[in-house]
Amino acid sequence: MTFDRRVKIAPSILSADFADFGREIEAIEAQGADWVHVDVMDGHFVPNLTFGPQMCRAIRPHVRTVMDVHLMIAPVDPYIDAFAEAGADVISAHLEAGPHIHRTLQAIRGAGCKAGLAINPGTGLDGVEYLLDMIDLVCVMTVNPGFGGQKFIESQVAKVKALRAMIGDRPIHIEIDGGMTPETAPLMAAAGADVFVAGSAVFRGGSVAKPEVYGENIRAIRAAAEAAL
Ligand code: DX5
Ligand code: ZN
């Protein structure tokens with residue numbers, strides 16, 4: 001993975017057909033996805049359950065781009081090695097998931113992965129400042145984590161602007177997760193984001209039998225974001 005700030009679209013397989021992840025991933029990558037976003041939920045940190053490291057391992061051979069694993073779980077530390085061994089390229093953990101996020105981020109890099117720090121809509125940037133030299137990505141949640149298809153929380157635009165200034169020249173991606181559409185992505189591109197996670201807005205109307213719809217959806221988000229730069 002080389003670092004750049006170009007617009008990247010990361011479809012979330014939370015909105016894919018759970019019985020057909022392999023072909024869904026191949027379809028979105030063939031249609032222009034830059035990264036594949038994998039939402040891991042534990043029914044404890046967030047009020048929903050998805051899947052764990054075994055599923056990540058199973059889908060890994062189908063991912064040719066970047067496997068971006070978003071852990072919405074607490075505790076995190078006991079599972080880092082399992083997700084790294086399953087083939088994650090990026091592992092993001094939540095600032096809110098436990099008292100020792102610094103140790104968690106160290107462990108993610110120690111396991112050979114890029115380290116992501118995810119922050120909920122209600123969390124400010126104070127806790128991010130002293131972690132900047134140990135992270136490769138900040139995932140700014142623009143919905144409360146747990147479900148796809150929720151409405152974008154507009155107050156996060158100002159947070160991303162401030163975060164972009166705080167990051168300066170450091171090679172740290174700003175990823176936006178939740179409610180991304182061709183209408184909301186430009187606000188975040190202008191504020192300084194470069195990775196755009198989108199679940200419902202990518203998978204809506206398409207299928208492995210109609211993958212060209214995925215392509216249209218991905219291109220619409222990308223074009224809107226790039227137009228704002
Ligand atoms: C929410 C997840 C998101 C979600 C995005 O907890 O982290 O990645 O799938 O879905 P949309 O794009 O539908 O808001
Ligand atoms: Zn996510």
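User: What do the buried residues of helix H1 pack against?

Analyst: The partners of the buried H1 residues are strand E1 (8-11), E2, helix H2 (53-59), helix H7 (200-203) and helix H8 (211-227). Keep in mind that this is a predicted model.

User: What makes helix H1 mostly covered?

Analyst: A residue is buried when its relative accessible area is under 20%. In H1 (residues 21-30), seven of the ten residues are buried, and the helix is mostly covered. The buried ones are Phe21, Gly22, Glu24, Ile25, Ala27, Ile28 and Glu29. Just after H1 comes glycine 32, with a positive phi of about 110 degrees.

User: Which residues coordinate the zinc ion (ligand 2)?

Analyst: The donors are His37 through NE2, Asp39 through OD, His70 through ND1 and Asp177 through OD, at 2.0 to 2.3 Å. Along the sequence the donor residues follow the spacing H-x1-D-x30-H-x106-D.

User: Why does the pair of aspartate 39 and histidine 70 tie together separate parts of the chain?

Analyst: Aspartate 39 belongs to strand E2 (residues 36-41) and histidine 70 to strand E3 (residues 67-72), so the pair links parts that are 31 residues apart in sequence. Both aspartate 39 and histidine 70 are buried.

User: Why is the arrangement around the zinc ion (ligand 2) called octahedral?

Analyst: Six donors count as octahedral if opposite donors are over 155 degrees apart and all others lie between 65 and 115. The six donor atoms here subtend angles of 67 to 169 degrees, and the arrangement is therefore octahedral.

User: How much of the chain is buried?

Analyst: Buried residues account for 55% of the 229 residues. The accessible surface of the chain is about 9,600 Å², with 52% of it belonging to carbon and sulfur atoms. Of the contacts between residues at least 6 apart in sequence, 66% join residues at least 24 apart.

User: Which residues have the most contacts inside the largest nonpolar core?

Analyst: That core has 73 residues, and those with the most contacts inside it are Ile13, Val38, Leu105, Met188 and Phe196. Apart from it lies another core of eleven residues, including Ala10, Val66, Cys139 and Val143. As for valine 38, with neighbours within four places left aside, its contacts are Ile13, Phe51, Cys56, Ile59, Met67, Asp68, Val69 and His70.

User: Why does phenylalanine 18 count as partly exposed?

Analyst: Partly exposed is the range between under 20% for buried and over 50% for exposed. Phenylalanine 18 has 40% relative accessibility, so it counts as partly exposed. This residue sits in the loop between E1 and H1. With residues up to four places away not counted, phenylalanine 18 touches Ile13 and Phe51.

User: Why does proline 145 count as buried?

Analyst: Buried requires under 20%. Proline 145 has 12% relative accessibility, and therefore counts as buried. Proline 145 is in the loop between strand E6 (137-141) and helix H5 (156-167). Beyond residues up to four places away, proline 145 touches Val46, Pro47, Met72, His94, Asn120 and Pro121. The C-alpha atoms of proline 145 and proline 47 are 8.5 Å apart, although 98 residues separate them along the chain.

User: What makes valine 157 count as buried?

Analyst: The limit is again under 20%. Valine 157 comes to 14% relative accessibility, so it counts as buried. Valine 157 lies in helix H5. Not counting residues up to four places away, valine 157 touches Phe152, Leu187, Met188 and Ala191.

User: Where is there a cis peptide bond?

Analyst: The cis bond joins alanine 74 and proline 75, with omega at about 0 degrees. Proline 75 is in the loop between E3 and helix H3 (80-85).

Methods
Residues are numbered from 1 along each chain as its sequence is written. Chains are lettered from A and ligands numbered from 1 in the order in which they are written. This is a predicted model: local features need pLDDT of at least 70, side-chain atom pairs count only at pLDDT 80 or more; totals for chains, interfaces and linings use all residues. Side-chain values use heavy atoms; hydrogens and water are left out. Donors are N, O and S atoms within 2.8 Å of the metal (3.2 Å for Na, K and Ca); water is not among the atoms, so sites may look incomplete. Four donors count as tetrahedral if all angles lie between 85 and 135 degrees; four count as square planar and six as octahedral if opposite donors are over 155 degrees apart and all others between 65 and 115; anything else is irregular. Helices (H or I, at least four residues) and strands (E, at least two) are DSSP runs, numbered from the N terminus. Buried means under 20% relative accessible area, exposed over 50%, partly exposed in between (1.4 Å probe, protein chains only). Contact means heavy atoms within 4.5 Å. A nonpolar core is a set of buried Ala, Val, Leu, Ile, Met, Phe, Trp, Tyr and Cys residues joined through side-chain atoms within 4.5 Å. Accessible areas come from the Shrake-Rupley method with a 1.4 Å probe; for residues, only the protein chains shown count as cover.
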